[in-house]
Amino acid sequence: MFAVGGVGENVVFQAVSAWLIFFWSGRGNPDQALIPIGLLGVLLGIGRFIEAFDDPLIGHLSDRTKSRWGRRFPYIFFGTPLLALAFFLLWLPIPNAIYFFVILQFFFLMYTIVSAPYEGILPEIAKTSSDRVSTSAWRVLFGVIGAGLGLVGSGIIISQYGFQVMGAALSIVSLIAFWIAILGIRKKLIQQPQSTPMNLYGALIATLKNQQFLIFSLAFILFSLGLNLLTALIPFYVVNLLRLPEGQTALFMALVLGGMLLALPLQTKLSSRFGKKKIYAYSMLALGLLFPLLFAAGLTPFNPFWQTVVLVVLIGLALSGQFIFPNAILADVIDFDATKTGLRREAMHYGMQNTLQKFSFALSSIIFGTTLSIFGATVDNPLGIRLIGPIAGVATILGFAIFIKWYTLSDQLNRSKL
């Protein structure tokens, strides 16, 4: 039941990642843009930067909340309808930068109010490493369903009915999924651990002093930088580089998700033999080597369509590990923190990680908009589109190097002290 919430998270997040710049930039055509693509990238970057600071606050409030429904329930149950409304409003074609920025911040805020407490639930209901990998795998399965709706289903709806119908439909899906999850586990949430007495400043300092948390988060946000660049790239890549109809975007997104699903049981099984942190690290390395190959479509003797098909399937196979293991690894980091502080501060850690991750989102938005604006994003001049793959690859390989060298926690901590 908890994992069903992965549909709600991913359906709106992936749709925004894939389509927001494409929609507001007029599909890359300056004459049809609601907002110029360069300005759009800057606004998204500023929005992500501002929004990043609400994650620790909301996470801390969630950790400290005392109610008859538990610590997490009120935020998710009452915040989800507002999240659905904010998502719908993003797709109204109002050519006004102020409107865009205000609604974007509304969406970011509501997404954090819902997702930060939701993320904090995993360490509370899954206590062992194997339980966390298993629960995370179920969550990835439902997350892939949500991503399928947000990436593939959205493309089908857009091609048939337009962006506004897509916004309304996916809003309803997100609302239903989060409510199923939170209502399904409400009894477990009532049996909450003691709320942390630490104030916000003390909680922030204690979290930032956790070296293993900082190492893991830095590696994760570098990978996220690369992935966010690639997700925003797909519509531009399909339409302006491969010169296919807009509706074909759904095919390539479906191939990525199909690869993820195929690899899901294999990566889960491999983690039980070799450990989750090793499989997580080397799947990141594989992605870092695959992303730059997107540069070459149409520049080799191979058919660019089939070259891209093979490449996105391989990316999907490797990408599975980046969705299964991060939350399970962070749960171990939280247990390590609890042995040092004596406090359970799940949502604060997830909130701080999201803050750092959103800095990477802000940077990726600026990099994406600037690269396409300077080097080109049109059929006649697609160099900017080609360059995004290598940029994403460099960021991802750097994340792998940091994680493999400095992350030292074992997969199964001694929990006798917890």
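Predicted model: local features only at pLDDT ≥ 70, side-chain atom pairs only at ≥ 80, totals over all residues.
Helix α1, which spans residues 5–24, packs against helix α8, residues 163–184, with the two axes 6 Å apart and an angle of about 155° between them. Because angles over 145 degrees count as roughly antiparallel, α1 is roughly antiparallel to α8. The crossing of this pair is left-handed. On the α1 side, the contact is made by Gly-5, Val-7, Gly-8, Glu-9, Val-11, Val-12, Ala-15, Trp-19, Phe-22 and Phe-23. Helix α8 contributes Phe-163, Gln-164, Leu-170, Val-173, Ser-174, Ala-177, Phe-178 and Ala-181. Sorted by class, the residues of the α1 and α8 contact comprise 13 nonpolar, four polar and one charged.

A second pair is formed by helix α2 (residues 37–51) and helix α5 (residues 97–119), whose axes lie 10 Å apart at an angle of about 35°. Here the crossing of α2 past α5 is right-handed. The residues of α2 in this contact are Leu-39, Leu-40, Leu-43, Leu-44, Ile-46, Gly-47, Arg-48, Ile-50 and Glu-51. Those of α5 are Ala-97, Phe-100, Phe-101, Leu-104, Gln-105, Phe-108, Leu-109 and Thr-112. The contact of α2 with α5 contains twelve nonpolar, three polar and two charged residues.

In helix α10, which covers residues 200–208, the buried residues are Ala-203, Ala-206 and Thr-207. These residues lie on the same side of α10, because the arc they cover around the axis is only 100°. In general, an α-helix has 3.6 residues a turn, so residues three or four places apart point the same way.

Two individual residues were also examined. Ser-365 belongs to helix α15, residues 346–375. Its relative accessible area is 7%, and Ser-365 is therefore buried, the cut-off being under 20%. When neighbours within four places in sequence are left aside, Ser-365 is in contact with Gly-41, Leu-44 and Gly-45. Of these, Leu-44 is also listed among the α2 residues in the contact with α5.

Gly-120 is located in the loop between α5 and α6. With a relative accessibility of 0%, Gly-120 is likewise classed as buried. Gly-120 and Phe-23 are 97 residues apart along the chain, and their C-alpha atoms are separated by 33 Å. Phe-23 is one of the α1 residues in the contact with α8.

Conventions
Residues numbered from 1 in each chain as written. Heavy atoms only, no water. Axes fitted to C-alpha atoms, helices over the stretch in contact; angles between N-to-C directions. Helix = DSSP H or I, 4+ residues; strand = E, 2+ residues; numbered from the N terminus. Left-handed = near helix turned anticlockwise from the far one by under 90°. Contact = heavy atoms within 4.5 Å. Nonpolar A, V, L, I, M, F, W, Y, C, P; charged D, E, K, R; others polar. Parallel < 35°, antiparallel > 145°, perpendicular 65-115°, else oblique. Buried < 20%, exposed > 50% of the residue type's maximum accessible area, 1.4 Å probe, protein only. Arc of directions from axis to C-beta.
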